[in-house]
Amino acid sequence: MPSRLCYNDGEMKQRKTTGFTIIETMLFLAISGFLFVAILASTGNTINNQRYHDTVYSLQSFIQKQYSEIINVSNESSKSNCSAASEVLRGQSECVILGRYISTANDGASLKVYKVIGIEKSTATSGNDDIKIFSEQYDLEIYKLLDGQLDVEEYDLEWGAKLVNDASSEQGPSHFSILLLRSPESGIVRTFTDPSNESFNNEKINSIIADESRAYLENNITACVDSNGLLSEPKSAIFIHANAAVQSDIEVIGDKDSNCR
């Protein structure tokens, strides 16, 4: 007899399929996209914040470096005679490098640093006042190379940042000049600051040290660092104490205390 195939209705079960609907898929993609954009935005803000603070602390380090080189009597110049167009043996020059002159440039986007030399006067007198020594014993000049060109070091602020005035001054680029001199008698570094002038000629330098009121020793400098769009929050600032003598007198003031716009 032919065999029969018997099917039990209980064993006939309909197989069900599982999966996502179009709405569920679209909702998943929308949420994932939102989270991805949020992560990118957060990462971008973190990177911009790090770039800004690197800019601020790099600027602080550059200014502090000028003090370090003056204190350590660092002279990178290979030319030995700093006042004439001919070379003499090191140690036999008629002049001495006394310090640095720093001024803002390019609407606050950079700093320029010049070496300052002192040519000893024939009528030089000695005394205990290390500030008068500069004016009574030396004629100060901006150091020039043998070809007559100024020996200038330029420092550009990173990431397009600029120095701007704080809220106590008129809005705009920060223009100031700083004269750093190391006394050949006491070794003390004196800082003369002019918050309203960026000239760097010899007449300006000599007028600063000849000022009997010594007003240039009493000026603090607050230079706000504008992030150039990297950050929208308040700015940090470089603060240079009046008559700063050491590197630690160059400070970074945080956003809350900087008085920057």
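A salt bridge here is a side-chain nitrogen of Lys or Arg within 4 Å of a carboxyl oxygen of Asp or Glu. By this rule the count comes to seven salt bridges. The model is predicted. The protein has 261 residues, and buried ones make up 34% of them. Its secondary structure comes to three helices and ten strands. One disulfide turns up in a search of the whole structure.

**Overall layout**

- Along the sequence, the elements follow the pattern α-β-β-α-β-β-β-β-β-α-β-β-β.
- Helix α1 covers residues 22-71, and strand β1 covers residues 95-105.
- Strand β2 spans residues 110-120. Helix α2 takes up 130-137.
- Strand β3 runs over 138-142 and β4 over 152-156.
- Further along come β7 at 189-194 and α3 at 202-210.

**The four-stranded sheet**

- Four strands form an open sheet. Their order is β5-β8-β9-β10, and the pairing is antiparallel.
- β5 (162-164) and β10 (250-253) stand at the edges. Each has a single partner strand, so one side of each is left without a neighbour in the sheet.
- Neighbouring strands in this sheet are turned by 30° against each other on average, direction ignored.
- Three bridges pair β5 with β8 in the antiparallel sense. Leu163 stands opposite Val225 in β8.
- Four bridges pair β8 with β9, again antiparallel. Ile221 has Ile240 in β9 as its bridge partner.
- β9 (residues 237-240) is joined to β10 by four bridges, and these two strands run antiparallel. Ile238 has its bridge partner in β10, namely Val252.

**The disulfide**

- Cys224 is joined to Cys260 by a disulfide, with an S to S distance of 2.0 Å.
- Cys224 lies in strand β8, and Cys260 lies in the segment after β10. The pair therefore ties together parts that are 36 residues apart in sequence.
- The torsion about the S-S bond is about -95°, so the disulfide is left-handed.
- Cys224 is buried, with a relative accessible area of 0%.
- Cys260 is buried too, with a relative accessible area of 11%.

- Side chains of opposite charge can pair when their charged atoms come close.
- Glu69 forms a salt bridge with Arg100, and their closest N and O atoms are 2.8 Å apart. Glu69 sits in helix α1 and Arg100 in strand β1, so the pair ties together parts that are 31 residues apart in sequence. Glu69 and Arg100 are buried.
- Lys115 and Asp151 meet through their side chains in a salt bridge of 3.1 Å, N to O. Lys115 belongs to strand β2, while Asp151 is in the loop between β3 and β4, so this pair ties together parts that are 36 residues apart in sequence. Both Lys115 and Asp151 are buried.
- Arg214 and Asp129 meet in a salt bridge of 2.5 Å, N to O. Arg214 is in the loop between α3 and β8 (221-226), and Asp129 is in the loop between β2 and α2. The pair therefore ties together parts that are 85 residues apart in sequence.
- Arg214 has 28% relative accessibility, so Arg214 counts as partly exposed. Asp129 has 26% relative accessibility and also counts as partly exposed.

**A nonpolar surface patch**

- Leu150, Val152 and Phe200 form a nonpolar patch on the surface. Together they have about 210 Å² of accessible area.
- Phe200 is placed in the loop between β7 and α3.
- Phe200 counts as partly exposed, because its relative accessibility is 32%. That class lies between buried, under 20%, and exposed, over 50%.

Key: Residues numbered from 1 in each chain as written. Predicted model: local features only at pLDDT ≥ 70, side-chain atom pairs only at ≥ 80, totals over all residues. Heavy atoms only, no water. Pairing = 2+ DSSP bridges. Axes fitted to C-alpha atoms, helices over the stretch in contact; angles between N-to-C directions. Patch = residues over 30% accessible without salt bridge, like charges linked within 9 Å, V, L, I, M, F, W, Y side chains within 5 Å. Areas by Shrake-Rupley, 256 points an atom, 1.4 Å probe, with all protein chains shown as cover. Buried < 20%, exposed > 50% of the residue type's maximum accessible area, 1.4 Å probe, protein only. Disulfide = S-S within 2.5 Å.
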